[in-house]
Amino acid sequence: MSIIPKIKIGLFNSYLIILFYLFLTMIISYFSDKDGFKRGADESWLEDKDKFKMHLSGYIFYGILLVSIFIPIKTGTNLFNVGIFIYIISLILSIYTGISFVTAPKDRLITKGIYKYSRNPVYFCNILVILSTAFISGTAIYLIFLAIYLLTSYFTIRVEEKYLLQRYSSEYREYLTKTPRYIIKTIIK
């Protein structure tokens, strides 16, 4: 795995991996429940002072998508095969996440489906996609992007948690104690 990728604009660059992931998960979520899909874009609860923090991880993720236009896929390696395996897992989990979110009752805390195992499955799936892209492209630059994404998603998650604590109070506190932030128990709570 190289640290600095060979830069080349091409039709079969690593942007395809991220773009397909975004397209597939959004399309399936949209057609599962259009009203639930719209709920995911609702920011009426967001305070102005928190808007930048809330969107920071999204900016980083889409920045990674833009950079990936210039980074070729490196097929025929063991890393590529590992990357494809991780990518398939991320697609399955992401579809499950989207359906769990959009089909959940609109006025209740979501604790069913994948949300039974992770408070933040969208971020976890994004992490897997970035990691898989590192392997599929054979470049460690994505691991640097992943570290930045992990840091920024932490700030985004904190804004969401603050809101959920205000809205659902003791129900959300109980959920916090039972369900890890990602899928595995982490040191950062």
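How many residues does helix H3 have, and how far does H3 reach from its first C-alpha to its last?

## Helix H3

Helix H3 covers residues 51-67, which is 17 residues, and reaches 24 Å from first C-alpha to last. That is close to the 24 Å expected at 1.5 Å a residue, where the expected span is 1.5 Å times one less than the number of residues. Helices here are DSSP runs (H or I, at least four residues), numbered from the N terminus.

A quick word on the source: this is a predicted model, where local features need pLDDT of at least 70, side-chain atom pairs count only at pLDDT 80 or more, and totals for chains, interfaces and linings use all residues. Residues are numbered from 1 along each chain as its sequence is written, and side-chain values use heavy atoms, leaving out hydrogens and water.

## Bend and packing

H3 bends by about 30 degrees at Ser57; the bend is the angle between axes fitted to the seven residues ending there and the seven starting there.

## Aromatic rings

The whole structure holds 10 aromatic pairs (Phe, Tyr or Trp rings, Trp by its six-membered ring, with centres within 6.5 Å; planes under 30 degrees apart are stacked, over 60 edge-to-face, the rest tilted). One of them is tilted: Phe52 and Tyr59, 6.2 Å centre to centre with 45 degrees between the planes.

Phe61 turns up again in an aromatic cluster with Tyr21, Tyr62 and Tyr149.

Key: Helices (H or I, at least four residues) and strands (E, at least two) are DSSP runs, numbered from the N terminus.
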